[in-house]
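Subject: A structure to look at, with notes on its charged side chains

Hi,

Here is the structure I promised to pass on. Please have a look at it first, and then read my notes below.

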Amino acid sequence: MDYQIEFLSSALEQLRALPKVARRLIGGKLERAQHDLTADIKKLKGFKNKYRLRAGNYRVLFELEGACLVVYDVGDRKKIYE
């Protein structure tokens, strides 16, 4: 199943603030996740449709809404869950 990727405005600002290398890594991982939700993706405990994508030292938090991946948070792994 192919998913459409949408970013909340706050997540897009967070992504733009990251170094270029990190943005490329995250972009590649999101592109693969768009087609297959198996690699480096885990469901967050305590939530119904919330997941995290691991991209090096960065994490992308998103929700699944039907056939849409809604990215709501992007950041360093040490600070993302606060």
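What follows is a short account of the charged side chains.

First, some housekeeping. This is a predicted model, in which local features need pLDDT of at least 70 and side-chain atom pairs count only at pLDDT 80 or more, while totals for chains, interfaces and linings use all residues. Residues are numbered from 1 along each chain as its sequence is written, and side-chain values use heavy atoms, with hydrogens and water left out.

Searching the whole structure gives three salt bridges (a side-chain nitrogen of Lys or Arg within 4 Å of a carboxyl oxygen of Asp or Glu). One of them pairs aspartate 40 with lysine 29, with 2.6 Å between the closest N and O atoms. Lysine 29 sits in helix 2 (20–35) and aspartate 40 in the loop between that helix and strand 2 (41–43), so the bridge ties together parts 11 residues apart in sequence. (Helices are DSSP runs of H or I with at least four residues, strands are runs of E with at least two, and both are numbered from the N terminus.)

Aspartate 40 also forms a salt bridge with arginine 54, at 3.2 Å between the closest N and O atoms. Arginine 54 belongs to strand 3 (residues 50–55), so this pair ties together parts 14 residues apart in sequence.

As for accessibility, buried means under 20% relative accessible area, exposed over 50% and partly exposed in between, using a 1.4 Å probe and protein chains only. Lysine 29 is buried at 16%, whereas aspartate 40 is partly exposed at 26% and arginine 54 is partly exposed at 37%.

Glutamate 63 and lysine 50 meet in another salt bridge, 3.8 Å from N to O. This pair links distant parts of the chain, 13 residues apart: glutamate 63 is in strand 4 (residues 58–65) and lysine 50 in strand 3. Shared partners join Lys29, Asp40 and Arg54 into one network of salt bridges.

Now for aspartate 73, which is in strand 5 (residues 68–76). What is the nearest side chain of opposite charge to this buried residue? It is lysine 50, 9.1 Å away, and aspartate 73 has no salt bridge (Lys and Arg count as positive, Asp and Glu as negative; His and the chain ends are not counted). Its side chain does have a polar contact of 3.0 Å with that of glutamine 14 (N or O atoms within 3.5 Å; within protein, one must be able to donate a hydrogen and the other to accept it, and residues adjacent in sequence count only if both atoms are side-chain atoms).

Best wishes
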